[in-house]
Amino acid sequence: MFLKRHIPIFIVIGVGLLTLFGHFINHKGIQDFVEKDALQWFEIIASFAIFLGSLNMLKLQMLKIIRKQKNWPYSALAVLGFAFAIFAGFFYRGANYIVISDINESNIIPITEILTEELQLKKPESIPDKIRASEDGYEIPKIFMTQSGAEIIMEKLEIFDVNMELKSKKWGAHLTERGSLFSWMFFNIFNPLSSTMFALLAFFVASASYRAFRIRNFEATLLLVAGIILMLGRVPIGELIPWWVVAILIVFGLGAISAPWIKNRKMVFSLITGGIVLFLGVGFAMGWNQTPPQILLIPVIQDWIFDYPTTAGSRALMIGIALGIVATSFRIIVGIERSFLGE
Amino acid sequence: MELVKNIFIKLGSLDRRIIFLLVGLSVLLPLLKPAWFALPIRPKQHSQIVFNEINKLESGNRVLLSFEYGPSTMPEIHPMSIALLNHLFVKDIKVYAVALWPDGDFMSTDAFAEVADDYGKKYGIDYVNLGYKIGGEAVIKNIASDILSLYPTDIKGKSIENIPMMKEVNNVEDFDFVFSLSAGYPGSKEWVQYATDPKGIPMSTGCTSIQVTDIVPYVENGQIRGILAGMPGAAEYEELVKTELKSRGLVIKSGEATSMMSAQSMAHVVIVIFIILGNITYYLTRNNKRKGS
């Protein structure tokens with residue numbers, strides 16, 4: 001009980017109070033703790049959390065495979081993917097590169113031609129200057145996943161009697177070098193899969209809005225109108241929508257809002273038709289075809305929605321969240337809130 | 001009249017596979033035949049503010065670029081990174097990159113590889129990539145107080161002491177500008193809360209469309225100077241940078257976001273049409289039900 005409950009609570013209360021007072025007490029020791037040590041502790045603990053998360057994921061997936069639970073082949077794929085990423089990250093660099101030096105001036109152009117042809121290098125015209133400028137040898141801007149791949153190029157360059165060295169990028173640096181095994185996995189497997197998942201949202205949004213975005217009451221109508229204005233106003237096509245379309249929509253909107261209070265349908269119809277005719281007549285007479293008023297332009301209305309109602313709503317939410325954080329933090333610091341212990 | 005009603009009722013109860021097909025086509029056709037759907041891109045106020053803020057910087061100024069996005073949001077934010085690097089490099093501004101998301105390392109490496117060579121920029125002298133550190137807000141706070149203790153080496157494993165442009169930098173106050181390329185948490189909000197606002201460093205952001213509502217209060221307050229909002233923001237910024245480069249005698253092809261705006265426009269129009277159709281059907285079927293009862 002003491003180890004599992006009291007010690008963690010004391011640590012949390014101690015660190016919480018120290019961090020809080022650090023903002024009010026001008027003492028170098030406390031300031032250093034808050035600004036430096038505590039942050040580094042946090043980063044170390046966060047790093048360990050990744051290990052714990054990985055182990056937990058492996059455990060869950062392995063159990064699913066062993067027990068042959070529903071959809072267990074997906075778990076097998078997840079474990080295989082994990083193993084492959086570990087292999088590419090920790091055991092196989094696959095990030096070889098070639099450094100050539102002692103290049104004779106007369107060989108620079110033929111070497112450039114071979115490199116451009118074999119490796120499809122970007123901006124080949126800059127290669128000769130780079131070769132001339134390189135003091136410690138010219139690093140061919142291409143990463144080879146295997147040594148044999150690099151050796152094929154080296155064989156082709158042998159005729160120029162240059163000094164060649166096959167090197168590997170440092171551990172860690174190999175992860176992001178375009179062409180390494182890990183980078184290949186990222187850009188050719190993870191990247192398309194991830195993009196596909198996100199792109200599917202467009203289809204679900206279309207289908208869901210078609211079925212669920214209904215004018216059921218005043219609030220739903222407001223949401224729908226704001227949604228449509230934002231969708232059209234954010235993209236270039238919104239600028240092509242003429243003022244009279246917006247004018248007609250405004251009259252329709254006013255008609256929809258006032259309809260529940262007017263029982264006579266013919267009256268509603270007449271008001272809407274009359275409103276449209278009047279609006280358009282005034283518009284054409286005022287020369288709005290050339291210079292339409294800003295209020296009738298979709299992008300302008302969209303900007304207004306972002307700048308005023310959205311900002312006001314977001315601020316209200318943010319202030320509420322901030323007050324909630326203060327209250328929860330205070331409860332944790334004084335030891336009332338113990339959900340972090342699993343209670 | 002009954003026939004028209006029936007047509008609308010049928011249109012309003014389309015199979016979702018047909019909706020998927022139409023949405024797919026509305027995206028695919030503009031990408032395959034961009035000339036058929038070419039639309040003018042006019043920069044809006046927020047994108048213009050971002051451009052003006054970057055344009056105000058002078059040669060030799062230092063900009064901290066934070067990569068907080070991954071493959072899923074790459075189509076929206078990566079074009080911003082490319083356009084921004086074009087803008088920064090043409091103005092001879094020194095760029096320092098960090099990543100708050102693990103995927104950010106790949107994004108930053110890719111962006112630098114695409115742009116740096118075009119301007120003859122050298123790693124360690126004109127730009128540096130410090131890479132990803134775990135910890136979210138803690139990393140931002142550390143950058144605000146002591147960047148050197150946080151990053152003993154760069155993304156390539158090279159000691160910070162051996163990188164010439166790192167000699168002038170100790171914490172966030174040594175930067176003239178911070179730019180957050182953000183797709184969520186940790187991102188732009190955390191930069192404002194823990195670094196740029198407390199230390200008084202100007203900052204701008206480029207984020208996904210869905211995040212704009214969260215970020216807009218900071219923009220309206222002036223804590224973030226302008227915002228590149230999603231793919232439209234990226235396209236607008238691309239246009240502004242293209243014009244700027246043209247005025248300097250440099251010609252670059254249109255960016256990815258610009259070429260994708262027609263597809264996004266058509267997809268939005270299709271979704272709006274479906275919403276309107278769905279509502280007409282809802283109105284008609286509701287009336288029929290009322291009459292029936």
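Domain bounds here come from an automatic or database domain assignment. On that basis, chain A splits into domain 1 (2-91) and domain 2 (96-175). Keep in mind that this is a predicted model: local features need pLDDT of at least 70, side-chain atom pairs count only at pLDDT 80 or more, and totals for chains, interfaces and linings use all residues. Residues are numbered from 1 along each chain as its sequence is written, while chains are lettered from A and ligands numbered from 1 in the order in which they are written.

**The domains**

- In chain A, the centres of domain 1 and domain 2, taken over C-alpha atoms, are 43 Å apart.

**Where the chains meet**

- Chain B has 55 residues in contact with 51 residues of chain A.
- On the chain B side, α11(B) gives the most, with 14 residues; helices are DSSP runs (H or I, at least four residues) and strands are too (E, at least two), numbered from the N terminus.
- Sorted by class, that side of chain B has 26 nonpolar, 17 polar and 12 charged residues. Nonpolar covers Ala, Val, Leu, Ile, Met, Phe, Trp, Tyr, Cys and Pro, charged covers Asp, Glu, Lys and Arg, and polar covers the others, Gly among them.

**A sheet in chain A**

- Look for an open sheet of 3 strands in chain A, ordered β2-β1-β3 with antiparallel pairing; strands pair if DSSP finds at least two bridges between them.
- β2 (138-139) and β3 (163-168) of chain A are at the edges with a single partner strand each, so one side of each has no neighbour in the sheet.
- Strand β1 (residues 96-101) of chain A joins β2(A) through 2 bridges, and Val99(A) has Glu139(A) as its bridge partner in β2(A).

- You'll find Phe182(A) in helix α7 (residues 181-212) of chain A.
- Phe182(A) counts as buried because 23 other C-beta atoms lie within 10 Å; the cut-offs are 20 or more for buried, 12 or fewer for exposed, and partly exposed in between, using C-beta atoms placed from the backbone.
- Leaving out residues up to four places away in sequence, Phe182(A) touches Ala88(A), Gly89(A), His174(A) and Leu175(A).

How values were computed. Contact = placed C-beta atoms within 7 Å.
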